[in-house]
Amino acid sequence: MTKEQREIVIPSQLLGDVKNKKAGRGTFVEKGKIYAEILGVLNASSEHVDVIPIKGRYDPVQQDFVIGIIIEAMQSSWLVDINAAYPALLHVNEVPWDVDFGETEKYLNTGDCVMAKVSQVDQEKKLQITLKDRNLYKVKGGRLIDIEPQKVPRIIGKKGSMISLLKKYTGCRIFVGQNGRIWIDGSYEGIKKVIDTIYLIEKKSLSYGLTNKIEDLLKINAKEVH
Amino acid sequence: MKTDIKLIQDGKRLDNRRLDELRPIKIEAGVLHRAEGSCYLEWGGNKVIAAVYGPREAVPRHTQNPLRAIVNARYNMAAFSVDDRKRPGPDRRSREISKVISEALENIIIVERYPRASIDVNIEILDAEAGTRCAGLTAAAVALVDAGIPMKDIPVSCAAGKIEGQVVLDLGKDEDNYGQADLPIAISPRTGQILLLQMDGHLTLDEFNQALDLAIKGCYTISEMQKKAIMEKYQKVEEVK
(Lines give C-alpha, C1' and ligand atoms only; values in the text may rest on other atoms or scores of the structure.)
Protein backbone atom coordinates (compact mmCIF):
# COMPACT_ATOMS: atom_id res chain seq x y z
CA MET A 1 0.00 0.00 0.00
CA THR A 2 1.33 3.43 -0.89
CA LYS A 3 1.67 6.18 1.67
CA GLU A 4 -1.17 8.08 -0.01
CA GLN A 5 -3.81 6.21 2.02
CA ARG A 6 -3.88 4.82 5.54
CA GLU A 7 -4.66 1.23 6.36
CA ILE A 8 -8.13 0.49 7.75
CA VAL A 9 -8.56 -2.26 10.32
CA ILE A 10 -11.73 -3.91 11.62
CA PRO A 11 -12.40 -5.54 14.99
CA SER A 12 -10.79 -8.95 15.54
CA GLN A 13 -8.05 -8.25 12.99
CA LEU A 14 -4.67 -9.62 14.11
CA LEU A 15 -2.12 -6.82 14.55
CA GLY A 16 0.90 -8.45 16.15
CA ASP A 17 2.44 -10.26 19.06
CA VAL A 18 2.94 -8.89 22.59
CA LYS A 19 6.52 -10.17 22.51
CA ASN A 20 7.74 -7.56 20.05
CA LYS A 21 5.04 -4.87 20.17
CA LYS A 22 3.21 -2.84 22.78
CA ALA A 23 -0.58 -2.83 22.53
CA GLY A 24 -1.99 0.69 22.61
CA ARG A 25 -5.37 2.38 22.29
CA GLY A 26 -8.07 0.58 20.33
CA THR A 27 -6.52 -2.84 20.75
CA PHE A 28 -6.87 -5.77 23.12
CA VAL A 29 -4.61 -8.68 23.96
CA GLU A 30 -5.68 -12.30 24.08
CA LYS A 31 -3.32 -15.24 24.48
CA GLY A 32 -0.27 -13.13 23.69
CA LYS A 33 -1.68 -11.77 20.44
CA ILE A 34 -2.80 -8.21 19.74
CA TYR A 35 -6.14 -7.65 18.00
CA ALA A 36 -8.02 -4.53 16.92
CA GLU A 37 -11.20 -3.85 18.91
CA ILE A 38 -12.69 -1.03 16.84
CA LEU A 39 -13.06 0.06 13.27
CA GLY A 40 -10.22 2.47 12.70
CA VAL A 41 -6.97 3.46 11.11
CA LEU A 42 -3.85 1.49 11.92
CA ASN A 43 -1.04 3.48 13.48
CA ALA A 44 1.87 1.12 13.93
CA SER A 45 5.55 1.66 14.61
CA SER A 46 8.27 -0.88 15.33
CA GLU A 47 7.53 -0.82 19.09
CA HIS A 48 3.84 -0.21 19.49
CA VAL A 49 0.54 -0.51 17.71
CA ASP A 50 -2.53 1.75 17.97
CA VAL A 51 -5.89 1.89 16.29
CA ILE A 52 -7.32 5.39 15.82
CA PRO A 53 -11.12 5.17 15.64
CA ILE A 54 -12.87 6.67 12.60
CA LYS A 55 -16.36 6.50 14.04
CA GLY A 56 -18.03 6.39 17.39
CA ARG A 57 -19.15 8.44 20.34
CA TYR A 58 -17.10 11.19 21.94
CA ASP A 59 -15.17 9.78 24.88
CA PRO A 60 -14.81 12.60 27.42
CA VAL A 61 -11.36 13.29 28.83
CA GLN A 62 -10.59 15.73 31.66
CA GLN A 63 -9.52 19.21 30.54
CA ASP A 64 -11.18 18.85 27.13
CA PHE A 65 -12.91 21.94 25.78
CA VAL A 66 -16.40 21.09 24.55
CA ILE A 67 -19.59 22.75 23.35
CA GLY A 68 -22.67 21.66 25.26
CA ILE A 69 -26.40 22.19 24.93
CA ILE A 70 -28.50 22.51 28.09
CA ILE A 71 -31.03 19.70 28.43
CA GLU A 72 -32.51 20.62 31.79
CA ALA A 73 -32.20 23.34 34.42
CA MET A 74 -32.45 21.88 37.92
CA GLN A 75 -32.54 23.60 41.33
CA SER A 76 -28.82 24.05 41.69
CA SER A 77 -27.34 22.61 38.53
CA TRP A 78 -27.88 22.02 34.83
CA LEU A 79 -27.80 18.85 32.77
CA VAL A 80 -25.83 19.39 29.59
CA ASP A 81 -25.63 17.29 26.46
CA ILE A 82 -22.01 17.20 25.33
CA ASN A 83 -22.46 14.50 22.69
CA ALA A 84 -21.02 11.83 24.99
CA ALA A 85 -22.78 8.65 26.06
CA TYR A 86 -23.95 10.40 29.22
CA PRO A 87 -25.25 13.90 30.04
CA ALA A 88 -22.84 16.12 31.96
CA LEU A 89 -23.56 17.99 35.18
CA LEU A 90 -22.89 21.72 35.42
CA HIS A 91 -23.16 22.90 39.01
CA VAL A 92 -23.97 26.53 39.94
CA ASN A 93 -20.58 26.77 41.68
CA GLU A 94 -18.96 26.11 38.32
CA VAL A 95 -20.41 29.14 36.53
CA PRO A 96 -19.05 32.70 36.69
CA TRP A 97 -22.38 34.17 37.86
CA ASP A 98 -23.86 34.35 41.35
CA VAL A 99 -26.93 32.14 40.96
CA ASP A 100 -29.58 31.95 43.71
CA PHE A 101 -31.05 28.57 44.60
CA GLY A 102 -33.85 27.68 42.18
CA GLU A 103 -33.06 30.54 39.82
CA THR A 104 -30.88 28.60 37.40
CA GLU A 105 -33.34 29.18 34.56
CA LYS A 106 -32.61 32.92 34.63
CA TYR A 107 -29.06 32.28 33.45
CA LEU A 108 -29.17 29.16 31.29
CA ASN A 109 -32.27 27.48 29.98
CA THR A 110 -33.07 24.41 27.92
CA GLY A 111 -31.61 24.74 24.43
CA ASP A 112 -28.95 27.27 25.38
CA CYS A 113 -25.45 26.56 24.24
CA VAL A 114 -22.28 26.86 26.32
CA MET A 115 -18.58 26.47 25.79
CA ALA A 116 -17.28 24.45 28.69
CA LYS A 117 -14.42 22.41 30.02
CA VAL A 118 -14.69 18.82 31.23
CA SER A 119 -13.65 19.09 34.87
CA GLN A 120 -14.23 15.56 36.09
CA VAL A 121 -14.72 12.07 34.71
CA ASP A 122 -15.01 9.39 37.36
CA GLN A 123 -14.85 5.61 37.14
CA GLU A 124 -18.56 5.33 36.61
CA LYS A 125 -18.18 7.85 33.80
CA LYS A 126 -20.14 10.49 35.68
CA LEU A 127 -19.28 13.76 33.97
CA GLN A 128 -18.86 17.24 35.37
CA ILE A 129 -18.14 20.34 33.36
CA THR A 130 -17.19 23.87 34.32
CA LEU A 131 -17.40 27.36 32.85
CA LYS A 132 -14.62 28.68 35.10
CA ASP A 133 -11.72 28.92 32.71
CA ARG A 134 -10.41 31.28 30.08
CA ASN A 135 -12.81 32.13 27.25
CA LEU A 136 -15.69 29.99 28.45
CA TYR A 137 -19.12 31.52 28.20
CA LYS A 138 -22.66 31.15 26.98
CA VAL A 139 -22.77 31.15 23.20
CA LYS A 140 -24.67 33.97 21.50
CA GLY A 141 -25.10 34.15 17.73
CA GLY A 142 -23.04 32.32 15.14
CA ARG A 143 -23.57 28.88 13.68
CA LEU A 144 -23.11 25.49 15.26
CA ILE A 145 -22.26 22.40 13.22
CA ASP A 146 -21.72 18.77 14.16
CA ILE A 147 -18.96 16.58 12.82
CA GLU A 148 -17.70 13.11 13.68
CA PRO A 149 -15.92 13.58 17.07
CA GLN A 150 -13.06 11.36 15.95
CA LYS A 151 -12.26 13.80 13.14
CA VAL A 152 -11.68 16.80 15.44
CA PRO A 153 -7.86 16.46 15.50
CA ARG A 154 -7.88 16.72 11.70
CA ILE A 155 -9.93 19.92 11.77
CA ILE A 156 -7.50 21.45 14.25
CA GLY A 157 -4.41 20.17 12.46
CA LYS A 158 -0.88 19.83 13.80
CA LYS A 159 -0.46 22.50 16.50
CA GLY A 160 -3.59 24.21 15.21
CA SER A 161 -2.26 24.63 11.68
CA MET A 162 -5.53 23.80 9.94
CA ILE A 163 -7.75 25.92 12.14
CA SER A 164 -5.49 28.98 11.97
CA LEU A 165 -5.52 28.58 8.21
CA LEU A 166 -9.31 28.71 8.20
CA LYS A 167 -9.33 31.76 10.46
CA LYS A 168 -6.73 33.52 8.32
CA TYR A 169 -8.52 33.09 5.01
CA THR A 170 -12.10 33.69 6.13
CA GLY A 171 -11.76 36.09 9.06
CA CYS A 172 -14.24 34.05 11.10
CA ARG A 173 -14.18 33.27 14.79
CA ILE A 174 -14.10 29.52 15.22
CA PHE A 175 -14.29 27.38 18.35
CA VAL A 176 -13.79 23.64 17.95
CA GLY A 177 -15.11 21.51 20.79
CA GLN A 178 -13.40 18.16 21.31
CA ASN A 179 -16.87 16.58 21.22
CA GLY A 180 -17.30 17.28 17.50
CA ARG A 181 -19.30 20.50 17.77
CA ILE A 182 -17.92 23.56 16.04
CA TRP A 183 -19.08 27.12 16.58
CA ILE A 184 -18.44 29.67 13.84
CA ASP A 185 -19.18 33.38 13.75
CA GLY A 186 -18.37 36.00 11.13
CA SER A 187 -19.65 37.28 7.81
CA TYR A 188 -22.24 35.25 5.93
CA GLU A 189 -19.85 34.27 3.14
CA GLY A 190 -17.11 33.50 5.64
CA ILE A 191 -19.32 31.12 7.64
CA LYS A 192 -20.42 29.38 4.46
CA LYS A 193 -16.84 28.90 3.34
CA VAL A 194 -15.73 27.57 6.73
CA ILE A 195 -18.57 25.07 6.86
CA ASP A 196 -17.91 23.82 3.33
CA THR A 197 -14.22 23.46 4.07
CA ILE A 198 -14.81 21.64 7.34
CA TYR A 199 -17.09 19.10 5.69
CA LEU A 200 -14.44 18.65 2.98
CA ILE A 201 -11.74 18.03 5.60
CA GLU A 202 -14.02 15.54 7.35
CA LYS A 203 -14.54 13.64 4.11
CA LYS A 204 -10.88 13.59 3.13
CA SER A 205 -9.55 13.17 6.64
CA LEU A 206 -7.58 10.04 5.84
CA SER A 207 -5.29 11.43 3.14
CA TYR A 208 -1.80 12.78 3.73
CA GLY A 209 -0.70 16.42 3.29
CA LEU A 210 -4.23 17.66 3.78
CA THR A 211 -3.31 21.04 5.28
CA ASN A 212 -1.40 22.04 2.15
CA LYS A 213 -4.22 20.92 -0.14
CA ILE A 214 -6.76 22.91 1.85
CA GLU A 215 -4.53 25.98 1.83
CA ASP A 216 -4.30 25.85 -1.98
CA LEU A 217 -8.06 25.54 -2.17
CA LEU A 218 -8.70 28.46 0.16
CA LYS A 219 -6.24 30.62 -1.82
CA ILE A 220 -8.11 30.00 -5.06
CA ASN A 221 -11.44 30.82 -3.45
CA ALA A 222 -10.03 33.92 -1.80
CA LYS A 223 -9.06 35.31 -5.22
CA GLU A 224 -12.55 34.72 -6.53
CA VAL A 225 -14.09 36.71 -3.70
CA HIS A 226 -11.88 39.79 -4.14
CA MET B 1 -51.53 -27.81 1.05
CA LYS B 2 -48.79 -29.84 -0.56
CA THR B 3 -47.34 -32.25 1.95
CA ASP B 4 -45.90 -34.78 -0.50
CA ILE B 5 -43.43 -32.19 -1.77
CA LYS B 6 -40.02 -33.54 -2.83
CA LEU B 7 -37.38 -31.41 -1.11
CA ILE B 8 -34.35 -33.06 -2.69
CA GLN B 9 -34.16 -34.24 -6.29
CA ASP B 10 -30.99 -35.68 -7.86
CA GLY B 11 -28.84 -34.21 -5.08
CA LYS B 12 -30.25 -30.74 -5.73
CA ARG B 13 -32.66 -28.81 -3.54
CA LEU B 14 -35.81 -26.94 -4.52
CA ASP B 15 -33.94 -23.81 -5.49
CA ASN B 16 -31.20 -25.77 -7.29
CA ARG B 17 -28.73 -25.50 -4.43
CA ARG B 18 -26.31 -28.22 -3.44
CA LEU B 19 -26.76 -29.67 0.06
CA ASP B 20 -23.97 -27.51 1.48
CA GLU B 21 -24.66 -24.34 -0.45
CA LEU B 22 -25.80 -21.01 1.01
CA ARG B 23 -28.44 -18.76 -0.48
CA PRO B 24 -27.02 -15.63 -2.15
CA ILE B 25 -26.09 -12.96 0.40
CA LYS B 26 -25.65 -9.23 -0.07
CA ILE B 27 -24.41 -6.99 2.76
CA GLU B 28 -24.17 -3.22 2.79
CA ALA B 29 -22.84 -1.22 5.75
CA GLY B 30 -23.78 2.30 6.79
CA VAL B 31 -27.10 2.78 5.01
CA LEU B 32 -28.92 4.95 7.55
CA HIS B 33 -28.08 8.57 8.16
CA ARG B 34 -29.44 9.13 11.66
CA ALA B 35 -28.24 5.91 13.28
CA GLU B 36 -24.74 5.61 14.70
CA GLY B 37 -24.26 2.43 12.70
CA SER B 38 -26.42 0.48 10.31
CA CYS B 39 -26.48 -2.39 7.86
CA TYR B 40 -28.77 -3.67 5.14
CA LEU B 41 -28.64 -7.36 4.40
CA GLU B 42 -30.28 -9.59 1.82
CA TRP B 43 -30.05 -13.32 2.39
CA GLY B 44 -32.01 -15.23 -0.21
CA GLY B 45 -35.54 -13.87 0.20
CA ASN B 46 -34.79 -12.27 3.57
CA LYS B 47 -34.40 -8.53 3.69
CA VAL B 48 -33.15 -7.14 6.96
CA ILE B 49 -32.13 -3.71 8.17
CA ALA B 50 -30.22 -3.28 11.43
CA ALA B 51 -29.51 0.01 13.20
CA VAL B 52 -27.35 0.72 16.24
CA TYR B 53 -27.96 3.64 18.60
CA GLY B 54 -25.72 4.51 21.51
CA PRO B 55 -23.88 3.92 23.72
CA ARG B 56 -26.24 6.25 25.57
CA GLU B 57 -27.52 6.47 29.10
CA ALA B 58 -29.81 3.53 29.81
CA VAL B 59 -33.44 4.34 30.60
CA PRO B 60 -35.33 3.45 32.76
CA ARG B 61 -32.62 3.96 35.32
CA HIS B 62 -33.11 0.69 37.19
CA THR B 63 -31.90 -1.17 34.12
CA GLN B 64 -28.51 0.53 34.37
CA ASN B 65 -25.55 -1.51 35.48
CA PRO B 66 -22.84 0.56 37.20
CA LEU B 67 -20.13 -1.76 35.94
CA ARG B 68 -21.04 -2.39 32.35
CA ALA B 69 -23.26 -1.46 29.44
CA ILE B 70 -26.45 -3.34 28.65
CA VAL B 71 -27.24 -4.49 25.15
CA ASN B 72 -30.83 -4.09 23.98
CA ALA B 73 -31.50 -5.90 20.75
CA ARG B 74 -35.00 -5.50 19.39
CA TYR B 75 -36.05 -7.92 16.70
CA ASN B 76 -39.18 -6.88 14.87
CA MET B 77 -40.98 -8.31 11.89
CA ALA B 78 -42.75 -5.88 9.62
CA ALA B 79 -46.46 -6.59 9.11
CA PHE B 80 -45.82 -7.05 5.38
CA SER B 81 -42.81 -9.34 5.78
CA VAL B 82 -44.77 -12.60 5.57
CA ASP B 83 -47.51 -13.97 3.28
CA ASP B 84 -50.35 -13.50 5.75
CA ARG B 85 -50.19 -10.12 7.39
CA LYS B 86 -48.39 -10.38 10.71
CA ARG B 87 -50.05 -8.60 13.58
CA PRO B 88 -47.64 -5.77 14.40
CA GLY B 89 -45.89 -5.43 17.73
CA PRO B 90 -43.80 -7.71 19.91
CA ASP B 91 -45.05 -11.24 20.41
CA ARG B 92 -43.68 -14.31 22.13
CA ARG B 93 -41.51 -15.31 19.20
CA SER B 94 -39.92 -11.92 18.59
CA ARG B 95 -39.28 -11.43 22.30
CA GLU B 96 -37.43 -14.72 22.42
CA ILE B 97 -35.32 -13.83 19.42
CA SER B 98 -34.58 -10.37 20.82
CA LYS B 99 -33.39 -12.01 24.01
CA VAL B 100 -31.09 -14.58 22.43
CA ILE B 101 -29.60 -12.01 20.06
CA SER B 102 -28.99 -9.55 22.94
CA GLU B 103 -27.20 -12.26 24.87
CA ALA B 104 -25.09 -13.29 21.90
CA LEU B 105 -24.01 -9.68 21.27
CA GLU B 106 -23.36 -8.99 24.96
CA ASN B 107 -20.64 -11.62 24.95
CA ILE B 108 -18.76 -10.00 22.11
CA ILE B 109 -19.10 -6.27 22.80
CA ILE B 110 -16.61 -4.90 25.33
CA VAL B 111 -19.40 -3.79 27.66
CA GLU B 112 -17.10 -2.75 30.53
CA ARG B 113 -16.08 0.29 28.50
CA TYR B 114 -19.43 2.03 28.93
CA PRO B 115 -20.80 1.68 32.49
CA ARG B 116 -24.46 2.68 32.99
CA ALA B 117 -25.03 2.88 29.25
CA SER B 118 -27.19 0.95 26.87
CA ILE B 119 -26.40 -0.05 23.32
CA ASP B 120 -29.61 -0.34 21.34
CA VAL B 121 -29.71 -2.59 18.31
CA ASN B 122 -32.89 -2.49 16.23
CA ILE B 123 -33.36 -5.32 13.77
CA GLU B 124 -36.19 -4.86 11.35
CA ILE B 125 -37.26 -7.78 9.14
CA LEU B 126 -38.66 -6.28 5.95
CA ASP B 127 -39.06 -9.53 4.10
CA ALA B 128 -38.93 -13.00 5.60
CA GLU B 129 -38.03 -16.34 4.07
CA ALA B 130 -36.74 -18.62 6.86
CA GLY B 131 -33.60 -17.97 8.86
CA THR B 132 -34.43 -14.40 9.85
CA ARG B 133 -32.77 -14.65 13.24
CA CYS B 134 -29.47 -15.60 11.57
CA ALA B 135 -29.85 -12.81 9.05
CA GLY B 136 -30.75 -10.37 11.83
CA LEU B 137 -27.78 -11.23 13.99
CA THR B 138 -25.38 -11.11 11.04
CA ALA B 139 -26.69 -7.67 10.07
CA ALA B 140 -26.57 -6.44 13.68
CA ALA B 141 -22.90 -7.40 13.89
CA VAL B 142 -22.01 -5.33 10.83
CA ALA B 143 -24.05 -2.39 12.15
CA LEU B 144 -22.17 -2.54 15.47
CA VAL B 145 -18.80 -2.37 13.73
CA ASP B 146 -20.11 0.51 11.62
CA ALA B 147 -21.11 2.32 14.85
CA GLY B 148 -17.51 2.16 16.07
CA ILE B 149 -18.36 0.13 19.16
CA PRO B 150 -15.42 -1.80 20.67
CA MET B 151 -15.86 -5.51 20.11
CA LYS B 152 -13.76 -8.60 20.59
CA ASP B 153 -14.95 -10.11 17.34
CA ILE B 154 -17.55 -9.77 14.62
CA PRO B 155 -20.19 -12.38 15.40
CA VAL B 156 -21.74 -14.32 12.56
CA SER B 157 -24.74 -16.60 12.34
CA CYS B 158 -25.94 -19.38 10.07
CA ALA B 159 -28.32 -22.34 10.23
CA ALA B 160 -28.18 -25.99 9.24
CA GLY B 161 -31.00 -28.50 9.25
CA LYS B 162 -32.32 -31.83 8.15
CA ILE B 163 -34.60 -32.45 5.20
CA GLU B 164 -35.56 -35.79 3.67
CA GLY B 165 -33.22 -37.45 6.17
CA GLN B 166 -30.20 -35.49 4.97
CA VAL B 167 -28.25 -32.76 6.75
CA VAL B 168 -28.22 -29.54 4.71
CA LEU B 169 -26.94 -25.99 5.10
CA ASP B 170 -29.13 -22.87 5.33
CA LEU B 171 -32.77 -23.97 5.11
CA GLY B 172 -35.11 -22.20 2.72
CA LYS B 173 -38.77 -21.54 3.42
CA ASP B 174 -40.28 -24.84 2.31
CA GLU B 175 -37.35 -26.76 3.72
CA ASP B 176 -37.98 -25.12 7.07
CA ASN B 177 -41.73 -25.81 6.96
CA TYR B 178 -41.60 -29.41 5.73
CA GLY B 179 -38.14 -30.46 6.94
CA GLN B 180 -37.34 -32.42 10.07
CA ALA B 181 -34.97 -30.11 11.95
CA ASP B 182 -33.52 -26.62 12.04
CA LEU B 183 -30.34 -25.68 13.91
CA PRO B 184 -29.48 -21.97 13.93
CA ILE B 185 -26.14 -21.08 15.51
CA ALA B 186 -23.98 -18.00 15.95
CA ILE B 187 -20.25 -18.11 16.49
CA SER B 188 -17.31 -15.84 17.15
CA PRO B 189 -15.21 -16.66 14.09
CA ARG B 190 -11.86 -15.69 15.63
CA THR B 191 -12.09 -18.11 18.55
CA GLY B 192 -14.75 -20.50 17.26
CA GLN B 193 -16.84 -20.01 20.42
CA ILE B 194 -20.57 -20.58 20.11
CA LEU B 195 -22.72 -17.54 20.99
CA LEU B 196 -26.14 -18.89 20.14
CA LEU B 197 -27.47 -22.37 19.56
CA GLN B 198 -31.09 -23.31 19.16
CA MET B 199 -32.73 -26.37 17.74
CA ASP B 200 -36.15 -27.18 16.41
CA GLY B 201 -37.08 -30.75 15.46
CA HIS B 202 -35.26 -34.03 15.90
CA LEU B 203 -31.65 -34.96 15.16
CA THR B 204 -29.58 -37.93 16.28
CA LEU B 205 -26.26 -37.15 17.96
CA ASP B 206 -24.36 -37.95 14.75
CA GLU B 207 -26.66 -35.78 12.69
CA PHE B 208 -26.39 -33.00 15.23
CA ASN B 209 -22.60 -33.00 15.08
CA GLN B 210 -22.72 -33.10 11.31
CA ALA B 211 -25.18 -30.18 11.18
CA LEU B 212 -23.13 -28.18 13.68
CA ASP B 213 -19.95 -28.60 11.63
CA LEU B 214 -21.80 -27.65 8.47
CA ALA B 215 -23.32 -24.53 10.07
CA ILE B 216 -19.93 -23.46 11.44
CA LYS B 217 -18.48 -23.84 7.96
CA GLY B 218 -21.27 -21.63 6.62
CA CYS B 219 -20.56 -19.06 9.33
CA TYR B 220 -16.95 -18.69 8.21
CA THR B 221 -18.04 -18.08 4.62
CA ILE B 222 -20.47 -15.37 5.73
CA SER B 223 -17.87 -13.85 8.07
CA GLU B 224 -15.68 -13.10 5.05
CA MET B 225 -18.61 -11.38 3.34
CA GLN B 226 -19.23 -9.23 6.45
CA LYS B 227 -15.61 -8.11 6.57
CA LYS B 228 -15.63 -7.36 2.86
CA ALA B 229 -18.78 -5.24 3.22
CA ILE B 230 -17.24 -3.13 6.01
CA MET B 231 -13.95 -2.69 4.18
CA GLU B 232 -15.72 -1.71 0.98
CA LYS B 233 -17.70 1.00 2.73
CA TYR B 234 -14.67 2.57 4.38
CA GLN B 235 -12.27 2.14 1.48
CA LYS B 236 -14.76 4.08 -0.59
CA VAL B 237 -14.92 6.92 1.92
CA GLU B 238 -11.16 7.21 1.74
CA GLU B 239 -11.02 7.60 -1.99
CA VAL B 240 -13.07 10.81 -2.11
CA LYS B 241 -10.87 13.30 -3.90
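Which residues are buried in helix α2 (residues 161–170) of chain A? The answer comes in point 4, after a short tour of the model.

1. **What you are looking at.** This is a predicted model, in which local features need pLDDT of at least 70, side-chain atom pairs count only at pLDDT 80 or more, and totals for chains, interfaces and linings use all residues. Residues are numbered from 1 along each chain as its sequence is written, while chains are lettered from A and ligands numbered from 1 in the order in which they are written.

2. **Chain A as a whole.** The C-alpha trace of chain A spans about 60 × 55 × 20 Å along its principal axes. Chain A has four helices and 15 strands; helices (H or I, at least four residues) and strands (E, at least two) are DSSP runs, numbered from the N terminus. Its domain assignment gives domain 1 (8–53), domain 2 (65–130) and domain 3 (143–225), with bounds that come from an automatic or database domain assignment. The C-alpha centres of domain 1 of chain A and domain 2 of chain A lie 36 Å apart.

3. Of the 226 residues of chain A, 36% count as buried. A residue is buried if 20 or more other C-beta atoms lie within 10 Å of its own, exposed if 12 or fewer, and partly exposed in between, with C-beta atoms placed from the backbone. Two residues are in contact if their C-beta atoms, placed from the backbone in the same way, lie within 7 Å. Among contacts in chain A between residues at least 6 apart in sequence, 57% join residues at least 24 apart.

4. **Helix α2 of chain A.** Here is the answer to the opening question: A:Met162, A:Leu166, A:Tyr169 and A:Thr170 are buried in this helix. Seen down the axis of α2(A), these buried residues fall within an arc of 85 degrees, so they line one face of the helix. The arc is that of the directions from the helix axis to the C-beta atoms. After α2(A) comes A:Gly171, with a positive phi near 65 degrees.

5. **A:Ile214 in helix α4.** Helix α4 (residues 210–225) of chain A holds A:Ile214. Why does A:Ile214 count as buried? Because 21 other C-beta atoms lie within 10 Å. Leaving out residues up to four places away in sequence, A:Ile214 touches A:Met162, A:Leu165, A:Thr197 and A:Ile201. With A:Thr197, the separation is 17 residues in sequence and 7.8 Å in space, C-alpha to C-alpha.

6. **A:Ser119 and its strand.** A:Ser119 sits in strand β11 (residues 113–121) of chain A and is buried, with 20 other C-beta atoms within 10 Å. Beyond its neighbours within four places in sequence, A:Ser119 is in contact with A:Glu94, A:Gln128, A:Ile129 and A:Thr130. β11(A) and β12(A) pair in the antiparallel sense over four bridges; two strands pair if DSSP finds at least two bridges between them. A:Val118 stands opposite A:Ile129 in β12(A). The two strands form a hairpin with five residues between them, and A:Lys125 in the turn has a positive phi of about 65 degrees.

7. **A parallel partner.** Strand β10 (residues 88–91) of chain A pairs with strand β12 (residues 127–130) of chain A in the parallel sense, over two bridges. In this pairing, A:Leu89 stands opposite A:Gln128.

8. **A three-stranded sheet in chain A.** Three strands form an open sheet in the order β2-β5-β4 (chain A), with antiparallel pairing. β2 (14–17) and β4 (27–30) of chain A are the edge strands, each pairing on one side only. Four bridges join β4(A) to strand β5 (residues 33–36) of chain A, and A:Thr27 has A:Ala36 as its bridge partner in β5(A).

9. **Chain B and the interface.** In chain B, an open sheet of five strands has the order β3-β4-β5-β7-β6, with mixed pairing. β3 (25–29) and β6 (70–77) of chain B stand at the edges with a single partner strand each, so one side of each is left without a neighbour in the sheet. Between the chains, 22 residues of chain A are in contact with 27 residues of chain B. The chain A side has twelve nonpolar, three polar and seven charged residues. Ala, Val, Leu, Ile, Met, Phe, Trp, Tyr, Cys and Pro count as nonpolar, Asp, Glu, Lys and Arg as charged, and the others, Gly among them, as polar.
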